[in-house]
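User: I'm new to this one and would like a close look at a single part. Could you pick one spot and walk me through what surrounds it?

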Amino acid sequence: MSATARSLIAARVAALTALPLVDENTAARPFRKQAWLTLALEPDRAEGGVRWAGEGGSARLTLYHPLGEGPDGAEALAQTLSDGLSVRRLSDDGAALVTGATQAEPAHAEGPFWVLPLTLPYHVIRGR
């Protein structure tokens, strides 16, 4: 189920911004002067029946924005992501994902980037 949730959220992120979405488990990162995102799922419950399976949890989307560009651009992009992901129904063939309200943490400097973490509650259901 996590793969389905990740796919649906990643597709929505791609529709909102052209920033690269980098796998958190990969050592490869974009250039220092390029903004980028990571997406990590934290499932905390699984459910299901004979004909369906579901999962709920939180998606952690982290925006890395170059320090030299200041925090305003990073905060504006984080707001765009939050607006585009909060309280949505996303679907594909056989799966539906519903999101809750996005919660943003304050921006902080980390190396050459402003880092803005967003937490998005989700619930996904797919037929078996």
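**A threonine and the strand beside it**

Analyst: Let's start with T4, which touches A95, V124 and R126, leaving aside residues up to four places away in sequence; contact here means heavy atoms within 4.5 Å. Before going on: this is a predicted model, where local features need pLDDT of at least 70 and side-chain atom pairs count only at pLDDT 80 or more, while totals for chains, interfaces and linings use all residues. Residues are numbered from 1 along each chain as its sequence is written, and side-chain values use heavy atoms, with hydrogens and water left out.

T4 sits in helix α1, residues 2–16 (helices are DSSP runs of H or I with at least four residues, strands are E runs of at least two, numbered from the N terminus). T4 is buried, at 13% relative accessible area; buried means under 20%, exposed over 50%, partly exposed in between, with a 1.4 Å probe and protein chains only. The T4 side chain also makes a polar contact with the side chain of R126, at 3.4 Å (a pair of N or O atoms within 3.5 Å; within protein, one must be able to donate a hydrogen and the other to accept it, and residues adjacent in sequence count only if both atoms are side-chain atoms).

Now for the strands. β8 covers residues 113–127 and runs antiparallel to β3, residues 52–66, with 15 bridges joining them; strands pair if DSSP finds at least two bridges between them. β5, residues 95–99, also pairs antiparallel with β8, over 5 bridges, and there V98 stands opposite H123.
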